[in-house]
Amino acid sequence: MFYLISFLIISGVFFIITLDVLFIPTFVLTFLVLLTFFGYLSYVYFNISAAASVYLLLIFFVLGLIYTIIVFKFRLWERFSFKEKLAYTGGLEQENLNKKLGLTITDLKPIGIVLIEKRKRDAIAVNGFIAKNKRVEVIGFSGAQLQVRPHSNIKG
């Protein structure tokens, strides 16, 4: 019976990895894995019978399923996802933007969107975080992203 439970758990792990890659957010799967692991530990360390352990695993699976349904119903993953669309501009036209000034449209943490010459562009802050609605200066580019730093009015 120990081998059967071990096989079911290993199969379940591969199934969960497949679900993670294809459908379900990782934090939901982490919850399911922890519940399943607790059921397995209860069988191994607390000397619960195999049948009781299978029932416990089923109970944990149902709890995990309920949790997954709640997550999907209320779209909880949207609280942690980036909501802004990134604006792509070609690399050739970016060469003409060195030393140009712009305004941050989103927070640059360090990546975000800036407005330069009335166009939205992807940018990366070379000095870390730059808040929204701050003036920035283009100092270079890397691929499709402009490299910017906060603009200071003091020349030195």
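Begin by selecting Leu-97, Leu-108, Val-114, Ile-116, Ala-123, Ala-125, Ile-130, Val-136, Val-138, Leu-146 and Val-148, the 11 residues of the largest nonpolar core, where a nonpolar core is a set of buried Ala, Val, Leu, Ile, Met, Phe, Trp, Tyr and Cys residues joined through side-chain atoms within 4.5 Å. Two or more residues of this core come from each of β2 (111-116), β3 (119-125), β4 (135-142) and β5 (145-150), strands being DSSP runs of E with at least two residues and helices runs of H or I with at least four, numbered from the N terminus. Apart from this core lies another, of 5 residues, including Ile-5, Ile-9, Tyr-40 and Ala-50.

This is a predicted model, in which local features need pLDDT of at least 70 and side-chain atom pairs count only at pLDDT 80 or more, while totals for chains, interfaces and linings use all residues. Residues are numbered from 1 along each chain as its sequence is written, and side-chain values use heavy atoms, with hydrogens and water left out.

Next, centre on Leu-97, which touches Ile-116, Glu-117, Arg-121, Val-138 and Leu-146, residues up to four places away in sequence not being counted (contact: heavy atoms within 4.5 Å). Of these, Arg-121 is found in strand β3 and counts as buried because its relative accessible area is 2% (buried: under 20%; exposed: over 50%; partly exposed: in between; 1.4 Å probe, protein chains only). A polar atom of the Arg-121 side chain lies 3.4 Å from the backbone oxygen of Ile-116.

Finally, move to helix α3 (residues 50-74) and select Ile-70, which is partly exposed, with a relative accessible area of 39%.

Technical notes:
A polar contact is a pair of N or O atoms within 3.5 Å; within protein, one must be able to donate a hydrogen and the other to accept it, and residues adjacent in sequence count only if both atoms are side-chain atoms.
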